[in-house]
Protein chains: 2
Amino acid sequence: MREPILLPLDQAELAVDLSGSLMRRTVHPSGLRVLTEHMPSARSATIGFWVGVGSRDEQAERDDAPGSLGSTHFLEHLLFKGTPTRDAYEIATSFDRIGAEHNALTAKEYTCYYAKVRDVDLPMSVTVLADMVTNSVLDEEEFENERGVILEEIAMAADDLADVASESLFEEVLKDHPLGRPIGGLPETIKGARRDDVDRHYRNTYDPSTLVVTAAGAVDHDWLVAQVVAALNASPEERWHTDREALPVRRGQAHVDAIPNVLATGATAAAPGTLTAPRVCVTERPSEQINLMIGANGLRANDPRRFAFGIMNSVLGGGMSSRLFQEIREKRGLAYTAYSFGASYSDAGLFGIYAGMAPEKASEVLKLSLLELQKIADSGITAEEHEGALGQIAGSSALALEDSETRMGRLARAELGAGELWDLDSSLTRYTSVTPAEITAIAAEIAARPMTVVAVGDVSRAGTLEA
Amino acid sequence: MREPILLPLDQAELAVDLSGSLMRRTVHPSGLRVLTEHMPSARSATIGFWVGVGSRDEQAERDDAPGSLGSTHFLEHLLFKGTPTRDAYEIATSFDRIGAEHNALTAKEYTCYYAKVRDVDLPMSVTVLADMVTNSVLDEEEFENERGVILEEIAMAADDLADVASESLFEEVLKDHPLGRPIGGLPETIKGARRDDVDRHYRNTYDPSTLVVTAAGAVDHDWLVAQVVAALNASPEERWHTDREALPVRRGQAHVDAIPNVLATGATAAAPGTLTAPRVCVTERPSEQINLMIGANGLRANDPRRFAFGIMNSVLGGGMSSRLFQEIREKRGLAYTAYSFGASYSDAGLFGIYAGMAPEKASEVLKLSLLELQKIADSGITAEEHEGALGQIAGSSALALEDSETRMGRLARAELGAGELWDLDSSLTRYTSVTPAEITAIAAEIAARPMTVVAVGDVSRAGTLEA
């Protein structure tokens, strides 16, 4: 069986042929990690500056800064607002005037600033991204403006009932675990946020030991390493200088409040992030549809059973031919969409089902959804479904990897996660080796977990919903 | 100046080098048109079956079938539901088991069924798409299920306040024009839809004269033409046979109820689709944010001033450095997002501005938006902005064209529109030749038009909104 490519921290240089594109990795003595994938025929590249710090890591600072919830996301916004040599307008213009796809995202375990650009625009993009990430001034006036912007972003999400349902599911299933908190914070924590707290968060968590720079497409590895190292050393902030004593670099295991994977260990005790009883959580809102989500504790990112889960999930709710789509939409016309999914983090995970439907149909859709999961738990999947799922995973992965953005992200998640890079060949080999018994087993384990049902909308018209 | 590539209907074969990829086109005597773009290094392809019939064309049938509103979109759904040799599950499985990106979309002037697949999966994809489009059985039981699905789709859109605002803007600005109608129909027309009406719509509008097949990526033109012609002739439905007398093929000008471009002719009379006075349209809904849209009559698809408009729109509201984004979000923190856009059809168009914000900020955002448009109308844009917009258009177009889906769509829109293919080089030449005076003129013309303001949300808290 082909194994993943290991990314050990003590190996300074690594070069691997990923069936046609060359992956190279440098671990700089400062802790900085740079990974690239050169795609021979590419005329563009995607570059990302990743920091291994996400919303879950705010927990550590909670005691002395109660308003820090949402500060990781607040900081992400502020990094667009200027450095000593570039104001916010100049940053915006730099990427707009080359037609870049340029954005940032804050996740629960990392933050990412990225740009997809033509090959000729890569040098400028590296310069500006490095400046943004290392030298942000966090100006007080910009801070106040951005507070308003973030409150609007939260208000926008609050009006999106599917978003509300999703946030609620994470909160309820991962209760008491820092992964369960909303990434953006709450209106009250944003209203109370202080510039100095966010600044401290920046200084405490952004440095070479948490920084991972990845690029894919038309990119030269040695050039990129030299560019990034030079940019760090040019920073007026000493914490970025690469000749300082290196801090231990951060990987998935290094997040604060990490817990064992409760599903893996079979723990039934009320560990943080473990549900012990089924429950129904209702958010009443005027609406045409109810946004229904069903969820349970799932798999952590490097759980060996994730390949079996991937096949099971594809059959249960991964496409138009999946059981949920067929039973709920195609045979009965009960919903426009119905699917299942997994979300995995370094020490916990979530399994979920989503469907949106008129209130009077919610109870039937809920029953059907739980029944379809139970059917796989009881009787497994057919040989045809098994083969179809493998084909779906192989085809969709191959198509996704045509985009340099997918490859750029794969490198970073491998580096910031468990330090294992699953290229297409090694992961397909692993999927192919999954047995029917393993698929049935993972469905049975999830189906036996206490389920949380989240319903957002005009639930009063829905009758009784039971987990 | 480099001119567009003309696609005259009397020229049966055409081959053009589009800076590195070969575009070929065949107009079959039956009216069927096939266009391909071979991308040398591609290992995948996107194929689309396009029909030059959209929701606006339902108008023609209104008198004898009052429930036909939404029938084009209903038909699109039904084409996934089976043929004499393939049931709905088989169609879904065919694409799922290869991991294809596979979908369909109904627009105001066309309908499209497409798949993005690996090169090895292209033959199967052509076979299944051709079968779906030519041989759908429109089964009565499937029709009833799908009625439920479409009602859920409409309900989902009704819960999305930004969607509601957008539909409302089109309806209000293009009032009395068939382009102003919602694509999906209304709940009451879907509830009243009859299988035989949709079937008649299918038989009346889907045939070789309206069918355009386009593909880009790893595709061989001659092979594709032969495949499609063979599929049409294999249909049990005589209307698809390519040896029948050809119907006149449909281009943009052939849509029913076409009107002259009122903005182009300077007409001030109340032609259908022309606003004569400003107005404010409010949809009151409980919400955190107001979804604010401002709109006016815009440019039709082949208006020669669209290049000047593109630059003006980029500067006004096309990115993070645009005036709307800067004034509304960056300087004042009033909204999370603010942008402007154009939507163009064969004989009419729409210019619009969108922003979402807390109700108490709506009046200020509205004033700022109108002011920024007026400023360009009065004083034009700066040389720096002009240059930045050209760079943005060049860069984003180049990046978009890396995807075979973009190229596949470009071919079809050219063929179904005015019959002019603007490849990257010819369109950039045209953009570069735009003068500052032309940019100011188009802003002035739009700013002088009566404006429609649409506000969806908790508008009672917004104070006075004036167009």
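Here are some questions and answers on the sheets and the chain interface of this predicted model.

Me: Which strands are the edge strands of the open five-stranded sheet in chain A?
Reply: Happy to walk through it. The sheet is open, with mixed pairing and the order β11-β16-β12-β14-β13 in chain A. An edge strand pairs on one side only, and that picks out β11 (279-284) and β13 (338-344) of chain A.

Me: What is the bridge partner of Ser344(A) in β14(A)?
Reply: β13(A) and β14 (residues 349-357) of chain A pair in the antiparallel sense, over seven bridges. Within β14(A), the residue bridged to Ser344(A) is Gly349(A).

Me: At about what angle to β13(A) does helix α10 of chain A run?
Reply: This helix covers residues 306-317 and lies across both β13 and β14 of chain A. Relative to β13(A), its direction is at about 160°.

Me: Why is one side of β2 and of β6 in chain B left without a neighbour in the sheet?
Reply: Good one to trace on the model. The open sheet of chain B has seven strands in mixed pairing, in the order β2-β3-β4-β8-β5-β7-β6. β2 (13-18) and β6 (101-106) of chain B stand at the edges, so one side of each lacks a neighbour because each has a single partner strand.

Me: About what area is buried between chain B and chain A?
Reply: The contact involves 62 residues of chain B and 62 residues of chain A. Carbon and sulfur atoms give 52% of the buried area, which comes to about 4800 Å².

Me: In chain B, which residues lose the most area to chain A?
Reply: Together they account for 14% of what the chain B side buries. They are Glu152(B), Tyr336(B) and Leu399(B).

Me: Which side chain of chain A meets Glu330(B) in a salt bridge?
Reply: The two chains share eight salt bridges, and 30 residue pairs in polar contact, both residues at pLDDT 80 or more. In the salt bridge of Glu330(B), N to O is 2.9 Å, and the partner is Lys81(A).

Me: Which element gives the most to the side of chain B that touches chain A?
Reply: Several elements of chain B supply at least two residues each, among them α2 (88-96), α4 (140-159) and α13 (383-400). That side divides into 21 nonpolar, 20 polar and 21 charged residues. With eleven residues, the element that gives the most is α4(B).

How values were computed:
Residues numbered from 1 in each chain as written. Chains lettered and ligands numbered in written order. Predicted model: local features only at pLDDT ≥ 70, side-chain atom pairs only at ≥ 80, totals over all residues. Heavy atoms only, no water. Pairing = 2+ DSSP bridges. Helix = DSSP H or I, 4+ residues; strand = E, 2+ residues; numbered from the N terminus. Contact = heavy atoms within 4.5 Å. Axes fitted to C-alpha atoms, helices over the stretch in contact; angles between N-to-C directions. Buried area = accessible area lost by both parts, 1.4 Å probe. Salt bridge = Lys/Arg side-chain N within 4 Å of Asp/Glu carboxyl O. Polar contact = N/O pair within 3.5 Å; in protein donor to acceptor, adjacent residues only side chain to side chain. Nonpolar A, V, L, I, M, F, W, Y, C, P; charged D, E, K, R; others polar.
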